[in-house]
Amino acid sequence: MPLGRELPQLLKQRLFHKGRKFDFEVNRLRLPNKAEGEWECIRHPGGALAVPVTPEGKLVLVRQYRFAIQGRILEFPAGTLEGKEQPLETIQREIQEETGYSAQKWEKLGEFFLAPGYSDEIIYAFLAQDLEKLETPPAQDGDEDLETVLLTPEELEKAILEGELVDAKSISSFFLARPFLV
């Protein structure tokens with residue numbers, strides 16, 4: 001099992017909802033320490049994220065409308081793994097759809113749980129370099145409302161430290177990429 005998992009004993013599945021992007025369940029469990037109780041969990045197929053860097057050293061981000069927070073947030077391009085898609089395949093598709101760029105060089109930065117208190121979602125983070133602007137980018141998903149934003153690493157770090165709305169997966173991935181940014 002990846003990332004040191006220890007499975008609890010499922011005593012009863014009380015609620016299950018299959019959604020478009022993730023599933024939600026409420027289960028009665030016995031944990032490895034023998035504690036019993038009900039826990040809610042979002043089951044997610046995982047996501048892939050790119051920290052795209054232009055040849056000039058600028059970071060390519062998107063300012064995206066997110067209905068859950070009722071506003072726009074700055075984030076690196078990312079997407080949900082679809083079917084049997086590998087994380088690198090997912091992000092190679094998403095970077096083109098969301099930013100209109102493609103990358104020739106990819107390096108895995110790492111992987112991490114996004115919110116392990118209530119979700120099993122894992123983010124697979126990549127550094128995307130040797131970017132080229134596409135003449136005809138693929139169409140964005142119909143529910144996406146975003147604009148491309150170019151920032152230097154210093155500008156992004158300042159935005160994070162000053163409390164601009166930047167999501168956690170982007171902050172984490174930025175600091176994983178920081179040693180590679182000139």
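Predicted model: local features only at pLDDT ≥ 70, side-chain atom pairs only at ≥ 80, totals over all residues.

Modeller: Residues are numbered from 1 along each chain as its sequence is written, and side-chain values use heavy atoms, with hydrogens and water left out.

Colleague: What is the geometry of the pair formed by Trp 106 and Phe 126?

Modeller: Rings of Phe, Tyr and Trp (its six-membered ring) pair if their centres lie within 6.5 Å; planes under 30 degrees apart count as stacked, over 60 as edge-to-face and the rest as tilted. The structure holds 2 aromatic pairs. In the pair of Trp 106 and Phe 126, the centres are 6.4 Å apart and the planes stand at 80°, so the geometry is edge-to-face.

Colleague: How many residues apart are Trp 106 and Phe 126 in the chain?

Modeller: Strands (E, at least two residues) are DSSP runs, as are helices (H or I, at least four), and both are numbered from the N terminus. Trp 106 belongs to strand 8 (residues 101-113) and Phe 126 to strand 9 (residues 122-133). The pair thus links distant parts of the chain, and the separation is 20 residues.

Colleague: Is Phe 175 buried, partly exposed or exposed?

Modeller: Buried means under 20% relative accessible area, exposed over 50%, and partly exposed in between (1.4 Å probe, protein chains only). Phe 174, whose ring centre is 5.1 Å from that of Phe 175, has 0% relative accessibility and counts as buried. Phe 175 has 41%, so its class is partly exposed.

Colleague: Which residue lies over the face of Tyr 101?

Modeller: A charge sits over a ring if NZ of Lys or CZ of Arg is within 6 Å of the ring centre and within 35 degrees of the ring normal. Here the distance from the ring centre is 4.6 Å, and the residue is Lys 133.

Colleague: How many bridges join strand 1 to strand 2?

Modeller: Another open sheet of 3 strands has the order 1-2-3. Within strand 2 (residues 23-30), Arg 30 stands opposite Gln 9. Strand 1 and strand 2 run antiparallel, and the number of bridges joining them is 8.

How values were computed: Pairing = 2+ DSSP bridges.
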